[in-house]
Amino acid sequence: LRVTQLVAGIAAVGMFCEAFGDCLTGKASTPAPVTAPVPISPSMLDSIKADLSALVTSKGCGPILIRLSWHDAGVYSTGKLTGGCPNAAMRFTDAGEGTFGANAGLPDVAVGLLAPLAKKYVAGGVISHADLWALAANVAIKAMGGPDIPTRFGRVDAPSSAASVESQVGRLPDGDKGIDHLREIFAPKGFDDKDIVALSGAHTVGKCSPGRSGFDGPWTEEPLKFDNSYFKEMLSKSYAAEETAKGCPQHRHAASGTIMLISDLALLTDSAFKTHVERYAADQQAFFADFTTAWVKLQENGVASLREGL
């Protein structure tokens, strides 16, 4: 995964996503057919969470579920490109977001992992795909040792790939670029320097796959543990520049084999960013608190009328 793939989103164009409409056009969306409705009880949410937790534990798939939610929600922007919202458009692979290079591995692997739960709960009318993706990421974060992040509901699923955005270009931070690029991408999403550093901390889990992003290797020595190791290792290790087999520039710590991308180490080049790196390395709870705030904002950007329960 690269910053484009773990702590970055996918492009989007159009109107904000209302609880009753399409995030691309603002027009009402036609709901997917509902079969065999499942009665929604107060315990239903607990059942979904339990199934998700079991999936993460058995498959070790927490990082890719986090990436799925990020790429679904990260399309939002108020800059030169406007609009965007989490609408699960990636589940369509005939065109649009499901075909974007930055989303490699998500429509098949991540969506595939959630398919049994989608059949059980989405087809039954309990939850939308987009809400399931958001919830899956938050359950994964907690299951891997991270903060307990609240999830609100009401995201509306894209009815087809036509509800996708036009391109990933201009909305996603790239792993081979620096501070100015990060600010250019994240500021239109409503994020400041502290938010950018906190969201970058999601690289504490997962690893880059050369077949998907071109980058290669894990950021931390325990890539299935959600903690502040990303910041601690960034400050304590020495990294040597290298080029992957795919020709992508990155940095690697020789002894452990862990990596940092150019966009990761860029956080140390600006005092406004580095101060947060140092604070999070010293105080995991501070990282968890700021990450939760920024992550919830990311997951909810471009969506109106969210509710607390199913």
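The following questions and answers go through a predicted model of one protein.

Colleague: What should I know about the model before reading values from it?
Modeller: Residues are numbered from 1 along each chain as its sequence is written, and side-chain values use heavy atoms, with hydrogens and water left out. Because the model is predicted, local features need pLDDT of at least 70 and side-chain atom pairs count only at pLDDT 80 or more, while totals for chains, interfaces and linings use all residues.

Colleague: What is the mean pLDDT of the protein?
Modeller: The pLDDT is the predictor's confidence in each residue, from 0 to 100. Of the residues of the protein, 87% reach 70 or more. Residues 1–37 have a pLDDT below 50. The mean for the protein is 88.

Colleague: What percentage of the 310 residues count as buried?
Modeller: Buried means under 20% relative accessible area, exposed over 50%, and partly exposed in between, with a 1.4 Å probe and protein chains only. The protein has 10 helices and 7 strands, where helices are DSSP runs of H or I with at least four residues and strands are runs of E with at least two, numbered from the N terminus. The buried part of the 310 residues is 57%.

Colleague: Which residues of the largest nonpolar core touch the most other members?
Modeller: A nonpolar core is a set of buried Ala, Val, Leu, Ile, Met, Phe, Trp, Tyr and Cys residues joined through side-chain atoms within 4.5 Å. The largest one has 76 residues. Those touching the most other members are Ile 48, Leu 52, Ile 127, Leu 132, Leu 267, Phe 291 and Trp 295.

Colleague: Which helices do the buried residues of H9 pack against?
Modeller: The buried residues of H9 are Phe 273, His 276, Val 277, Tyr 280 and Ala 281. They cover an arc of only 135° around the axis, taken from the directions to the C-beta atoms, so they lie on the same side of H9. The face turned away from that side carries exposed Ser 271 and Ala 282. The packing partners of the buried residues are H5, H6, H7 and H10.

Colleague: Which strands stand at the edges of the open sheet of 3 strands?
Modeller: The order is E5-E6-E7, with antiparallel pairing, and two strands pair if DSSP finds at least two bridges between them. Each edge strand has a single partner, so one side of each is left without a neighbour in the sheet. The edge strands are E5 and E7.

Colleague: Which residue of E7 stands opposite Arg 252?
Modeller: Strand E6, residues 249–252, pairs with E7 in the antiparallel sense over 2 bridges. Opposite Arg 252 stands Ile 259.

Colleague: Is Ala 88 buried or exposed?
Modeller: Ala 88 lies in the loop between strand E2 and H3. Its phi is positive, about 60°, although Ala 88 is not a glycine. With a relative accessible area of 0%, Ala 88 is buried.

Colleague: Is Ser 305 buried or exposed?
Modeller: Ser 305 is found in the segment after H10, and has a positive phi of about 60° although it is not a glycine. At 57% relative accessibility, Ser 305 is exposed.

Conventions:
Contact means heavy atoms within 4.5 Å.
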